[in-house]
Amino acid sequence: MKKCIILRGISGSGKSTKARELAGGTGVIHSTDDFFMVNGKYRFNPGLLGRNHGLNFEAFQASLALGIDPVIVDNTNTRKWEYQKYQQAAEAAGYQVEVVSVPHIDAKLAAQRNSHGVPEKAIQRMIDRWEY
C-alpha cells in the first residue's frame, strides 16, 4: 500500500531532515515553506500564508493522483486540524497515513537551528499551542 507520512514539529526540530530521509529516492516532500522561496532565499510573508498553504495542498493532491510513494508533508502542524485535510485526502486516495511527531527541543536551540530565521518567541508560541 502507498504511504503518506505527515510530519509535525516546531521549526528547527529536524522535520525537513527527517522528511528527506523518509522520501528516499522515490518520494516527494510537500512543504508550505517552499512557496516562500524567492530567488533561492526564504522570504516569509504572513499575507501569503493562506495562499501558500493552499498551493502546497494542491501540489500534495497532484502527487496523490500520480500515485507517488511515499508522499511526505513537512509542515509544523501544531494543531490536528492543520493536517486533517491532508490525512483525509490521502486516505481517500488509498494511502496508508502515518502521523509522525518530531520531538520538541528547547525553543532557544530551535531558533538557532532552524533554516528560516524563525525567532525564539515564535517557536515558543508553537510549543505552547501544540495539540497532543
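Student: Why is A89 called buried?

Tutor: Buried means under 20% relative accessible area, exposed over 50% and partly exposed in between, with a 1.4 Å probe and protein chains only. A89 has 19% relative accessibility, so A89 counts as buried. Keep in mind that this is a predicted model, where local features need pLDDT of at least 70, side-chain atom pairs count only at pLDDT 80 or more, and totals for chains, interfaces and linings use all residues. Residues are numbered from 1 along each chain as its sequence is written, and side-chain values use heavy atoms, with hydrogens and water left out.

Student: Where is A89 found, and what is A89 in contact with, leaving aside neighbours within four places in sequence?

Tutor: A89 is found in helix α3, residues 81–92. Helices (H or I, at least four residues) and strands (E, at least two) are DSSP runs, numbered from the N terminus. Contact means heavy atoms within 4.5 Å; with neighbours within four places set aside, A89 is in contact with F57, F60 and L64. D34, by comparison, is 55 residues from A89 in sequence and 21 Å away in space, C-alpha to C-alpha.

Student: What makes up the largest nonpolar core?

Tutor: A nonpolar core is a set of buried Ala, Val, Leu, Ile, Met, Phe, Trp, Tyr and Cys residues joined through side-chain atoms within 4.5 Å. The largest one has 12 residues in all: C4, I6, F57, F60, L64, V71, V73, Y83, Y86, A89, A90 and Y95. At least two residues of this core come from each of β1 (3–8), α2 (49–66), β5 (71–74) and α3. The largest share, 4 residues, is supplied by α3. Another core lies apart from it, with 8 residues, among them I10, A110, I123 and M126.

Student: Which residues is C4 in contact with, leaving aside neighbours within four places in sequence?

Tutor: With those neighbours left out, C4 is in contact with F60, V71, A90, Y95, Q96, V97 and E98.

Student: How do you know that N52 is buried?

Tutor: The relative accessible area of N52 is 0%, so by the cut-off N52 is buried. N52 lies in helix α2. Not counting residues up to four places away in sequence, N52 touches T32, F35 and F36.

Student: Is Q88 buried or exposed?

Tutor: Q88 has 52% relative accessibility, so Q88 counts as exposed.

Student: What is the phi of N39 and of N77?

Tutor: Most residues other than glycine have a negative phi, and most peptide bonds are trans. N39 is not a glycine, yet has a positive phi of about 50°. N77 is not a glycine either, and has a positive phi of about 50°. N39 sits in the loop between β3 (37–38) and β4 (41–42), and at 79% relative accessibility counts as exposed. N77 lies in the loop between β5 and α3, and at 3% relative accessibility counts as buried.

Student: Which residues does a cis peptide bond join?

Tutor: D69 and P70 are joined by a cis peptide bond, with omega about -5°. P70 lies in the loop between α2 and β5.

Student: How do you know that the radius of gyration agrees with a compact globule?

Tutor: The radius of gyration is taken over C-alpha atoms, and the globule rule is 2.2 Å times the number of residues to the power 0.38. For 132 residues a compact globule would be near 14 Å; the protein has 14 Å, so the value agrees. The C-alpha atoms fill a box of roughly 40 × 35 × 25 Å along the principal axes.

Student: How many helices and strands are there, and what pattern does the protein follow?

Tutor: The protein has 5 helices and 6 strands, and the pattern along the sequence is β-α-β-β-β-α-β-α-β-α-α. Of its 132 residues, 36% count as buried.
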